[in-house]
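Dear colleague,

Please find below the structure that I am handing over to you. My notes on it follow directly after.

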Protein chains: 2
Amino acid sequence: MTKFKVGMIGLGTVGTGVFKTLRAFSDIEIVKIAVKNKEKKRDIENFDTSLITTNPYEVVDDPEIDILVEVIGGINPAWDYISKAIESGKHIVTANKELLAKKGKELFELAEKHNKVVLYEAAIAGGIPLIMPIKTIMAGNKISKIRAILNGTTNYILTKMDTDGASYEEILSEAQELGYAETDPTGDVEGYDAAYKITTLSTIAFGKRVKLENVYREGITKVRPEDMIKANELGYKIKLVALGNLDENGNADVRVHPMLVSKKSALAHINYVTNSVSLSGFPMGDIAFSGAGAGEFPTASSVVGDILNIAAELSHSDYILPMMRCAHRENINMIDISQTYNKYYLSLTAPNNIGVIGKIGTICANKHISLSTILQKGVSVDNTADITVITEKCKEADIQSAISELNDCTINSLIRVEL
Amino acid sequence: MTKFKVGMIGLGTVGTGVFKTLRAFSDIEIVKIAVKNKEKKRDIENFDTSLITTNPYEVVDDPEIDILVEVIGGINPAWDYISKAIESGKHIVTANKELLAKKGKELFELAEKHNKVVLYEAAIAGGIPLIMPIKTIMAGNKISKIRAILNGTTNYILTKMDTDGASYEEILSEAQELGYAETDPTGDVEGYDAAYKITTLSTIAFGKRVKLENVYREGITKVRPEDMIKANELGYKIKLVALGNLDENGNADVRVHPMLVSKKSALAHINYVTNSVSLSGFPMGDIAFSGAGAGEFPTASSVVGDILNIAAELSHSDYILPMMRCAHRENINMIDISQTYNKYYLSLTAPNNIGVIGKIGTICANKHISLSTILQKGVSVDNTADITVITEKCKEADIQSAISELNDCTINSLIRVEL
């Protein structure tokens with residue numbers, strides 16, 4: 001039996017899961033693992049420490065290794081390791097969503113030049129099979145819509161804010177204690193992580209390259225418990241949604257932001273750290289996937305799946321996995337957020353003058369914005385009124401312009417609503 | 001550019017969807033289509049009728065054809081066409097769940113002998129990507145549990161019975177008028193269709209061959225509107241569930257029957273003709289898929305996906321799609337339904353004697369069956385009482401034995417309840 005040789009860079013949570021899972025596969029042999037700290041205690045039974053090196057280039061340059069598994073994340077030094085490993089003849093399996101979103105083009109061009117493949121099932125939605133299905137069995141489709149929950153940390157926080165009625169800050173510290181959020185939570189809570197993932201996901205789904213800098217991004221830090229309560233009253237849940245729309249002319253609208261989604265939709269019921277992806281296309285219609293978006297073992301499932309597929313094809317061909325190669329030579333034309341159409345949830349505090357509702361209505365009407373719901377609850381001791389509005393579908397530029405004219409009101413929240 | 005040549009047998013609903021979808025792919029050419037009725041009007045623009053033949057062997061025997069697409073269904077004559085096509089050097093794409101369930105072993109052995117692949121994504125859950133993901137990207141997993149809704153007709157009927165409070169017979173005729181159920185609905189409503197699908201699905205998920213004759217099967221014809229109402233009251237929906245369980249010793253329990261599933265589960269919310277499959281395994285955890293289980297275009301998506309994957313690999317290798325080949329040489333050891341453990345929903349009509357509840361309780365206790373819920377509603381004019389019971393987890397053989405001892409009661413329904 002041919003033994004395929006795997007080298008790993010990184011032996012953290014995901015790396016450990018990969019190591020343990022690969023033990024069941026006798027045709028795959030892990031021959032070298034680069035780590036930062038050689039002395040760190042590993043949660044692996046009968047671990048052969050002679051596999052370990054602190055010099056990643058011992059893995060990168062080893063001519064015996066067929067497949068390099070990169071599970072350290074970030075751009076530097078991961079890009080240097082991966083690019084050199086491709087040049088020295090290795091196929092790549094990575095979970096590095098940031099690298100894919102920022103250096104995807106160079107990465108796949110380099111791989112193609114050297115007739116190597118780069119697989120990354122684990123980078124998007126962890127254990128959910130997504131990249132390989134889209135690129136293989138769903139290849140006959142024109143996908144035009146993506147609705148996804150791609151970040152477990154923010155979905156955990158929003159779910160807990162909803163069920164406990166607590167503030168963002170309270171739930172964040174709780175999530176940090178439980179290990180669901182990092183000490184510096186910026187990458188998750190400001191939507192960077194989800195933006196990296198939807199950049200790559202929309203690129204492969206739409207078949208042209210989406211650039212990260214054109215992906216609109218807004219995090220969850222400004223979502224208030226009051227918004228959660230109001231959303232519930234109105235029949236919605238608030239989720240951090242990563243979405244992509246492709247119009248008939250091939251223009252793409254790709255973004256990450258909090259969104260009110262109807263309680264009748266499947267997405268509203270994806271709770272805690274679960275991830276979910278719904279894809280609409282022709283001829284397949286609507287297909288939804290859900291499962292664990294992170295974690296030692298679910299993520300390992302995807303990394304190991306990629307490794308096994310490379311190994312299986314390496315036994316039979318020098319040009320492997322034709323369907324899994326990058327097919328995106330062109331950049332997609334992107335629609336700016338200001339030109340998109342949405343419904344909006346708007347919470348504002350207005351001076352309790354006679355005619356304040358009328359003024360809001362008039363300003364909106366002048367911007368071609370129809371209102372479908374207006375709620376005003378009592379009047380505060382300071383003689384202000386809290387007003388909640390849900391608009392009909394209207395243009396982002398128009399709602400932003402209307403808000404700038406509501407200058408005697410305090411805008412508490414503006415959150416988009418799923419159409 | 002190499003043009004891959006496809007021959008089709010069948011140009012009904014699915015075949016038409018395949019034909020239309022493949023037009024977008026310039027490297028695939030449909031060269032011949034066998035149909036029953038040459039004169040039938042086809043819903044295809046600018047259809048080149050010279051492609052059509054009424055002799056399937058013109059397709060089967062054509063040495064130019066690389067891939068045979070079989071979309072007629074049934075065992076005879078499909079098996080003859082497919083087996084001869086393999087022998088004459090063709091790869092096969094089929095949507096034939098009955099053939100896979102009944103002749104899978106011979107089919108895949110024949111294909112392997114001739115170094116050909118048989119792909120069948122469309123045969124199970126229509127447009128949902130399932131077979132290719134399980135065999136490729138999920139290959140690192142040990143899957144131990146399947147819960148699925150695999151038949152759209154029965155799910156439509158049960159959904160409508162639930163929402164309309166109507167009887168099975170009423171909704172069946174409505175479904176027949178709408179084209180959701182066939183004139184002879186037996187294959188769907190008695191669970192044969194779902195049994196074919198779960199036979200193949202559990203075979204590939206569990207990695208050993210499941211035999212159709214060992215799959216327990218029960219249809220939906222005995223489900224009453226009263227059961228729907230009671231299930232709702234108790235927090236459940238009734239679904240025709242196809243399920244598979246693999247125990248620690250490698251024994252499989254595979255079956256299709258109506259089941260009460262908690263309203264809190266995702267399966268309870270899969271309505272009308274939608275299909276859904278949840279798989280649990282290690283290391284991936286729980287993964288759920290949902291989408292259209294049938295229909296011209298969703299099914300075409302899967303057929304076309306299979307064709308594109310064969311064509312892509314044919315360009316580069318003589319031994320294609322190693323991961324998609326049959327890996328099941330052994331039969332799995334099956335657990336008989338009588339030896340499985342379930343909860344049960346039992347509806348019975350008892351003579352309104354003093355002590356009837358006590359008698360039911362005693363008979364159950366003697367069989368080691370604990371009751372978690374007992375509901376008795378009023379007393380009828382004929383002095384009988386309708387009693388609904390939900391048991392704790394107990395053995396199928398024991399509940400059947402208890403029921404045989406309840407000889408002065410009329411058993412209205414016995415439906416298993418998801419644990």
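A85(B) is buried, its relative accessible area being 0%; the model from which this value comes is a predicted one. The residue belongs to helix α3 of chain B. Apart from residues up to four places away in sequence, A85(B) touches V60(B), L68(B), K90(B) and I92(B). N151(B), by contrast, stands 66 residues from A85(B) in sequence, and the C-alpha atoms of the two are 29 Å apart.

An α-helix has 3.6 residues a turn, so residues three or four places apart point the same way. Just after α3(B) comes G89(B), which has a positive phi of about 95 degrees.

In chain A, helix α1 (residues 13-22) is likewise mostly covered, with 7 of its 10 residues buried. These are G15(A), T16(A), G17(A), V18(A), F19(A), T21(A) and L22(A). The buried residues of α1(A) pack against β1 (4-9), β2 (28-34) and α11 (296-314) of chain A.

A charged residue in chain A also deserves a note. E70(A), in strand β4 (residues 67-70) of chain A, is buried but forms no salt bridge. Leaving aside neighbours within four places in sequence, E70(A) is in contact with I9(A), A78(A), I82(A), V93(A), T94(A), A95(A) and N96(A).

Which residues make the nonpolar surface patch of about 360 Å²? They are L178(A), Y180(A), Y272(A) and V273(A). Of these, Y272(A) is found in the loop that runs between β10 (251-262) and β11 (274-282) of chain A. Y272(A) counts as partly exposed because its relative accessibility is 38%, and the range for that class lies between under 20% for buried and over 50% for exposed.

With kind regards

Key: Residues are numbered from 1 along each chain as its sequence is written. Chains are lettered from A and ligands numbered from 1 in the order in which they are written. This is a predicted model: local features need pLDDT of at least 70, side-chain atom pairs count only at pLDDT 80 or more; totals for chains, interfaces and linings use all residues. Side-chain values use heavy atoms; hydrogens and water are left out. Patches are made of residues with over 30% relative accessible area and no salt bridge: like charges are joined within 9 Å, nonpolar side chains (Val, Leu, Ile, Met, Phe, Trp, Tyr) within 5 Å. Accessible areas come from the Shrake-Rupley method with a 1.4 Å probe; for residues, only the protein chains shown count as cover. A salt bridge is a side-chain nitrogen of Lys or Arg within 4 Å of a carboxyl oxygen of Asp or Glu. Helices (H or I, at least four residues) and strands (E, at least two) are DSSP runs, numbered from the N terminus. Buried means under 20% relative accessible area, exposed over 50%, partly exposed in between (1.4 Å probe, protein chains only). Lys and Arg count as positive and Asp and Glu as negative; His and the chain ends are not counted. Contact means heavy atoms within 4.5 Å.
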